[in-house]
Amino acid sequence: GPQGRLREGLDPVDQRVTGVDVDAGVFVRDRHRRPFTTIHTAHGPGIVPSVPVVPPLVIDVVIPARDHVATLPRLLRDLPHRAIRSVVVVDRASTDRTAELARDGGALVLRGPSGGYGAACLRATAHFSALPRVPDIVVFIPGDRPEAAAIMPQLIAPIVERGVELVLGAEGKGRLDERVVTKLIDTVYRHRWSSVGPVRALRFP
């Protein structure tokens, strides 16, 4: 009958356009419950789901480093570079070849203050804030933690998949000041942390 001829005539469209439904006996919009767009082909109009185009997340890595010639090359080598836009090494007044090795490894080197780890992280975030396209996620790894490169996918996964704002990499028993902080987190938020180590990922800004 007419419905069979319609289905037969649209079968080639179904083979070429993924998601086209040519069953004339079913109301496609009710079946799929998704936004739809009508396209026109040589065989007539067809209905295909409208799939939103999600741009890839921009991920930058910050490596505060001070006299880390022994570990920095390995860290730079082992990072998952295909998932990263840039690697920024903040040189904290090194007296060795840390900055030179960072450039050789493809990183952007920023001269950081001679202060602590936090000051170096702030130096990098100020750099990102001035870019035309700020990152979606920033990962912080100290220059003496080359083994952390392997866990970077696990660090960013909760942010990407569940919308988590901050992920901390645990490093076993921390110093006294870290234990005080983790105790406060446990008391206030009822969430137990083993440490608040320097390896972390966060949603930016």
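Visitor: Of the contacts between residues at least 6 apart in sequence, what share joins residues at least 24 apart?
Guide: In this predicted model, 63% of them do.

Visitor: How many helices and strands are there?
Guide: Seven helices and eight strands.

Visitor: And what percentage of the residues is buried?
Guide: Of the 205 residues, 37% are buried. The protein exposes about 12,300 Å², with 57% of that coming from carbon and sulfur atoms.

Visitor: How many residues are in the largest nonpolar core?
Guide: It has 27. Val 61, Ile 63, Leu 79, Val 87, Val 89 and Val 139 have the most contacts inside it.

Visitor: Now α6. Which residues are buried there?
Guide: Met 152, Leu 155, Ile 156, Pro 158 and Ile 159. Down the helix axis they fall within an arc of 145 degrees, so they line one face of α6.

Visitor: What do those buried residues pack against?
Guide: Four strands: β3, β6, β7 (166–168) and β8 (200–203). The face turned away from the buried side carries Gln 154, Glu 161 and Arg 162, which are exposed.

Visitor: What comes just after α6?
Guide: Gly 163, with a positive phi of about 75 degrees.

Visitor: Different spot. Where is Ser 94?
Guide: In the loop between β4 and α4.

Visitor: Buried or exposed?
Guide: Ser 94 counts as buried, because its relative accessibility is 16% and the cut-off is under 20%.

Visitor: What does Ser 94 touch, not counting residues up to four places away?
Guide: Ala 65, Arg 66 and Asp 67. A polar atom of the Ser 94 side chain lies 2.9 Å from the backbone nitrogen of Asp 67.

Visitor: Last topic, confidence. What is the average pLDDT?
Guide: The average is 74, and 60% of the residues score at least 70.

Visitor: Where does pLDDT stay under 50?
Guide: Over residues 3–41, for one. The model gives that stretch 51 contacts beyond four places in sequence. Residues 173–185 are also below 50, with 15 contacts beyond near neighbours in sequence.

Conventions
Residues are numbered from 1 along each chain as its sequence is written. This is a predicted model: local features need pLDDT of at least 70, side-chain atom pairs count only at pLDDT 80 or more; totals for chains, interfaces and linings use all residues. Side-chain values use heavy atoms; hydrogens and water are left out. Helices (H or I, at least four residues) and strands (E, at least two) are DSSP runs, numbered from the N terminus. Buried means under 20% relative accessible area, exposed over 50%, partly exposed in between (1.4 Å probe, protein chains only). Contact means heavy atoms within 4.5 Å. Accessible areas come from the Shrake-Rupley method with a 1.4 Å probe; for residues, only the protein chains shown count as cover. A nonpolar core is a set of buried Ala, Val, Leu, Ile, Met, Phe, Trp, Tyr and Cys residues joined through side-chain atoms within 4.5 Å. pLDDT is the predictor's confidence in each residue, from 0 to 100. A polar contact is a pair of N or O atoms within 3.5 Å; within protein, one must be able to donate a hydrogen and the other to accept it, and residues adjacent in sequence count only if both atoms are side-chain atoms. The arc is that of the directions from the helix axis to the C-beta atoms.
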